[in-house]
Amino acid sequence: TRWVTNVGNPAYPTSWAAASDDAVSFVNGSTLFVLEGKDGVPRSQRRVSGVPGAGPAMSDEYVFVPLT
């Protein structure tokens, strides 16, 4: 374990995490969170435009969230 952090609303469902070389992302409710991979500091958060159908996937530049 490198770090542990609390982000998002614990009452909302949370997806599994996706990781790249320098970031970690997950969906909590309908909000996508991207954290720094080295220390878990939030990098960005953004509401997704629909209902997440699964956890995110990451490339070097993008985070993909499948919607239902």
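Two strands count as paired if DSSP finds at least two bridges between them. Strands are DSSP runs of E with at least two residues, numbered from the N terminus. The structure above is a predicted model, in which local features need pLDDT of at least 70 and side-chain atom pairs count only at pLDDT 80 or more, while totals for chains, interfaces and linings use all residues. Residues are numbered from 1 along each chain as its sequence is written, and side-chain values use heavy atoms, with hydrogens and water left out.

**First stop: the sheet**

Display the strands as a cartoon. In what order do the four strands form the open sheet? The order is β1-β2-β3-β4, with antiparallel pairing. Select β1 (18-19) and β4 (42-47) next: each stands at an edge with a single partner strand, so one side of each has no neighbour in the sheet.

**Second stop: β2 and β3**

Select residues 23-28, which make up β2, and residues 31-36, which make up β3; six bridges join these antiparallel strands. Within this pair, Phe26 is found opposite Phe33 of β3. Now move to the hairpin that β2 and β3 form, where two residues lie between the strands and Gly29 takes a positive phi near 65°.

Next, select Thr31, which belongs to β3. Is Thr31 buried or exposed? Its relative accessibility is 15%, and it counts as buried; the term buried means under 20% relative accessible area, exposed means over 50%, and partly exposed lies in between (1.4 Å probe, protein chains only). Apart from neighbours within four places in sequence, Thr31 is in contact with Phe26, Gln45, Arg46 and Arg47, where contact means heavy atoms within 4.5 Å. Colour the whole of β3 as well: five of its six residues are buried, so the strand is largely enclosed by the rest of the structure.

Follow β3 onward to β4. These two strands run antiparallel and are joined by five bridges. Select Leu35 and, opposite it, Pro42 in β4. The hairpin of β3 and β4 has five residues between the strands, and Gly40 in the turn shows a positive phi of about 80°.

Side chains of opposite charge can pair when their charged atoms come close. A salt bridge is defined as a side-chain nitrogen of Lys or Arg within 4 Å of a carboxyl oxygen of Asp or Glu. How many salt bridges does the structure hold? There are two. Show the side chains of Asp22 and Arg43, which form a salt bridge at 3.6 Å, N to O. Asp22 lies in the loop between β1 and β2 and Arg43 in strand β4, so this pair ties together parts that are 21 residues apart in sequence.
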